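Please brief me on this structure.

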Amino acid sequence: MKPALFDYVAPETVEAAVAALAGDETARPLAGGQSLIPTMNFRLSAPGRLVDLRRIEALRGIAVADGTIRVGAMTRHRELETHEGANRANPLIGEVLDNVAHIAIRNRGTVGGSIAHADSAAELPCLLVATGGTVSVQGPDGSREIGADDLFRFHMTTSLAQTEILTEVRIPALPPGTGYAFEEFARRRGDYALAGVCTLLTVEDGRCGEARIAACGIGARPVRLAAAEDALRGRAVDDAARADAGEAAREYMTAPADMQAGVAYRTDLLAALVRRTVATAARRAGG
Amino acid sequence: MSTRQFGEPVQRNADPALLKGEGAFIDDISLPGALHAAFVRSEHARARIRSIDISAAESLPDVVAVYTADTIGALDVELPMLIPHPCITSGGKTQRPLARDDVFYAGQCIAMVVAVDRYTAEDACSVVEVAYEPLPVELDLEKAIADGAPPVHDDIPNNVAAHFVQESGDADAAFAAAEHTTTVRVRLERSTAAPMECRAVAARWDGVSGELTVWDSTQATISVRGGLASLFDIDEDRIRVIAPNVGGGFGQKIMMFHPDEILVPFAAMQLDRPVKYIEDRVENFIGASQERAQIHEISLAAKKDGTVLGLRDSFIHDTGAFIPYGIAIAQVASTSIAGPYRIPDIWVEMTLVYTPCVQVTPYRGCGRPQACFAIERALDRLADELGIDRTEIRRRNFIGPGEFPYEREGLLFADGLAVNYDSGEYEKALDLITETVDLAGFRKEQEAARAEGRYLGFGIGFYVEGTGLGPYEGGHVKVHPITGKVYVTTGLTSQGQGHETVFAQIAADQVGCDVRDVIFVEGDTQAHEWGVATFASRAAVVSGNAIHKAAVKARARIIAAAANMLETGEDSIELRDGRAWIVDGNRSVSLAEIATASNPLRYAFNEASQTATQFAPASTHDGPPLAEGQAPGIEETDYFSPSHATWAYGVHAAIVEFFPDTCGMEIKRYLCIHDCGNMINPMIVEGQVMGGIGQGIGGAFYERCAFDGNGTPLAANFMDFLMPYATEVPDAEILHMETPSPLNPLGIKGVGEAGTIPVSQVVASAMEDAFAPLGIAPVRESPMSPDMIHGLLAEAQSRR
Ligand SMILES: Cc1cc2nc3c(=O)[nH]c(=O)nc-3n(C[C@H](O)[C@H](O)[C@H](O)COP(=O)(O)OP(=O)(O)OC[C@H]3O[C@@H](n4cnc5c(N)ncnc54)[C@H](O)[C@@H]3O)c2cc1C
């Protein structure tokens, strides 16, 4: 469990980091190292160069303004989890991060790292998809913005080029009156979820108005459960509506059976988590 | 008399250093100039090795040596068959340190690289080219013994490693007389101990003195020394084996020899440089011993009132690719099968099966969790079929307090002796647990929860544990003349159980000193060279009594010497606070003074020693300074060899909520009543039981060493092998009973493995109870899992 030989650089600017990545096509950015270092120790990956982003001040910090929570890529999970302004603007953030690993890991792991890593069962990518967030990335040709829907391609694969660095994550604040809920089921507290569901909805005159539901752990990337959303819009959020939303979610389950969950179980679990989160979100929306 | 330390919850002597990070595990031992070893391991479960090309590895800079079976000389042999038994087919298969011609499991060592550091050694491993010809495998235990199954070993037909039947009484007659019979099949899967510190070995060869020092994270230093002496043909007194702080063993480190244990010393001698090997987590999951997989088909012959007359159990035991530990685990399972129940007529058949997986040797519990799951599941079933309450049926079958010793003639335990329960109060334990849990109250709560669509269940499991096996251990007690501290040694090793504290308590009670003034040393063949090892919940019973006996003798010598010094009769001496006092007086002498005075001196180092020198005024003896037949100082050694195992027991119960939508569970309450005879230290007993319960919860619901159809291990890290976190293990309510053992002077029984034994049964039983309204099929497998719960619920729904 020792990594293969690699070079290590720790530049102080994003530009220098991008240049360091461009100089070696096997180079990888190093953020909190909570995912990358284990894969190197298992020798599942062997980057020739690690570009440590830890000394780049520009990648740190949280700012809440104009209905958006802007999170520097190198912000640690725990910092965002406990940030008052961010959680006031979008209380889903704390609820989601509470499910990411354990506090010791959240003290090291970064928001940008988690999103760039793009594990299909990870919670933050699911949050980004559910809330319609975006990220900024910078590469040799300048910077660009990518919406959540275009970012996550496949398990552990994003639309970032090898030479690009994710610099900022933007999470929309929740409009007033939005009910929210995140719930997942993991074999052990803090593990990656067998399935997790993020639900946002509004209730107007006793009926569901806007609804956004996304799930992780059920396929190759986090997905919007559009049919489940459709099953709710315009309806009273009662047992029947919840059950229908759960049923509608089933078609999105594409994960193969693995050691912990067969397909039938994971599909039922997804439906159950949709029912549970819809109930909580509706209650919080005052419905 | 000082306050008695035996029975007190004395804080652990070892903890301050460990908690401050001052412990020394093998990787902490600095050996200047040490080389590091890493292994090339088989990628296939069963294959023929066509070729091994080490040239690229050898030519890497900083690689010092690459060994294969061809270059390890006399070590290229099948390793010792540790516990032979006549029922083992062809004497039994054991592995070679490095594979020759064939590999038998994925993870088996093929080559060893020694380099200047572990990084380089792993680099070199990755360029060793092994060409394999994969061979077919069968991992299913039942299919593996069928005709035509691919063999693990070409010369072992049907993969049967051993077959053995044990009988007590006349089971056929019992079944003929039965009013009701019940048969259940249960299956337990492979698991592993996963100690916090994996295996670790370091060795240093001193060519000048011809001495080999081996630091080994083992449970059995003395036995390892014996094995090394035999394999290397070196005199025992030239080999010193030390187990420093060891980060958990749980049986995995009683197994010897893991290949590293002999190859690392071998390389140190060959290369004349210290060599270290620190096994990593993946290697521990694929290359270190595992346990647990068994399939039992158990039948009970009963009367309508629930009295069990007879038991038949036929089980298959997965022994992995090799059987160095003989039939020990299966034998323990077969002898624990009747639990605390009278069941007079027993027939048990065991079939041990070779599978292309890493070898199976004891893991905490050692066959008992399997036996407990089988008998307890069967008893629950019998209760349900006869319409008797699950606790009541147990009550009707317990061996009564007046029936001890209770022998099961014909059933031979792991010590080769007939099962003979020495003492117990089984019914009282059951009463205590049902009262503590308030079963009647729970039933109401369960009813109310069901009305809200919530599923709570009550589960219960009883177990017995044969502990404290021979052959023997020793205890050595000495009072240091200068410091007056009491030096105690034994031949065991500790993996964190608290030996240093409980043994200090035992010695301190006799010698009359503070527990903190006992220096306890074990795990070093140079400190104590007679004994066996730490296993089978035997340390407290066997070494504890040996140390007690030695301390009793030391006490007599201290009193005799003190009486002489204080010019009074021995009856007027009492020992306390590290001194000998005249009863009802205020004159005393310290242990240091007594030890010094008992050791005639030429040189005076301090005031006390002046009185012991030859020309001191007090030196008024006539004969030689040391009388004929007398030994210097205060020093005694004694041994304890138990007549047979002593049987601890206990009962666990839990209230568990199961969630039908997520298929998860939450243990709301977990209770344990445990009886290990007189407790030396209830806090340490509790720690042992609690740790065992945690491991048992892992075994019941989380941990599984899964393999794919090709025999590739699927759970080789802590992401896939789900050792429970603190969040999955509830605080257990642990209550003690103390029924002394009549088999040893201290009246104690072992406790090390107890906690793990009944947990799977408790969870399974609670699951059935919770989901009874949904009509689920009986739970017959461990570990359970959300996926399994889902299957049970779906199947029940499809029947409705
Ligand atoms: C025991 C354990 C349990 C865990 N459980 C969970 C869990 O339940 N849910 C969960 O979501 N995560 C979990 N994680 C992962 C943890 O959240 C990681 O911290 C996170 O996934 C990656 O963040 P990091 O900062 O550590 O990234 P690193 O490990 O440093 O990097 C991860 C990957 O992202 C790339 N990368 C990092 N930063 C950037 C950037 N700014 N731009 C471009 N590429 C970048 C790296 O090159 C690498 O490929 C767990 C980790 C552990 C060790």
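Predicted model: local features only at pLDDT ≥ 70, side-chain atom pairs only at ≥ 80, totals over all residues.

**A loop residue in chain B**

Ala146(B) is exposed, because 11 other C-beta atoms lie within 10 Å. Residues are numbered from 1 along each chain as its sequence is written, while chains are lettered from A and ligands numbered from 1 in the order in which they are written.

- Ala146(B) sits in the loop between helix H4 (141-144) and strand S7 (160-168) of chain B. Helices (H or I, at least four residues) and strands (E, at least two) are DSSP runs, numbered from the N terminus.

**Contact between chains A and B**

- Chain B gives 25 residues to the contact and chain A gives 17 residues. Two residues are in contact if their C-beta atoms, placed from the backbone, lie within 7 Å.
- On the chain B side, helix H3 (118-126), helix H8 (281-287) and helix H20 (786-799) give two or more residues.
- That side of chain B holds twelve nonpolar, four polar and nine charged residues. Nonpolar covers Ala, Val, Leu, Ile, Met, Phe, Trp, Tyr, Cys and Pro; charged covers Asp, Glu, Lys and Arg; the others, Gly among them, are polar.

**Domains of chain A**

- Chain A splits into domain 1 (60-172) and domain 2 (179-284). These bounds come from an automatic or database domain assignment.
- The C-alpha centres of the two domains of chain A are 21 Å apart.
- Their contact takes 22 residues from domain 1 and 20 residues from domain 2 of chain A.
- On the domain 1 side, helix H5 (92-97), helix H8 (123-131) and strand S8 (152-154) of chain A each supply at least two residues.
- H8(A) supplies the largest share of that side, seven residues.
- By class, the domain 1 side has 13 nonpolar, five polar and four charged residues.

**Ligand shell**

- Of the 31 residues around the ligand, Gly32(A), Gln34(A), Gly109(A), Gly113(A) and Ala122(A) come nearest. A residue is near a molecule or strand if its C-beta atom, placed from the backbone, lies within 6 Å of it.
- H7(A) gives the largest share of the shell, five residues.
- The shell has 16 nonpolar, eleven polar and four charged residues.
- Domain 1 and domain 2 of chain A each contribute at least three residues to the shell.

Definitions and conventions:
Buried ≥ 20, exposed ≤ 12 C-beta atoms within 10 Å, placed from the backbone.
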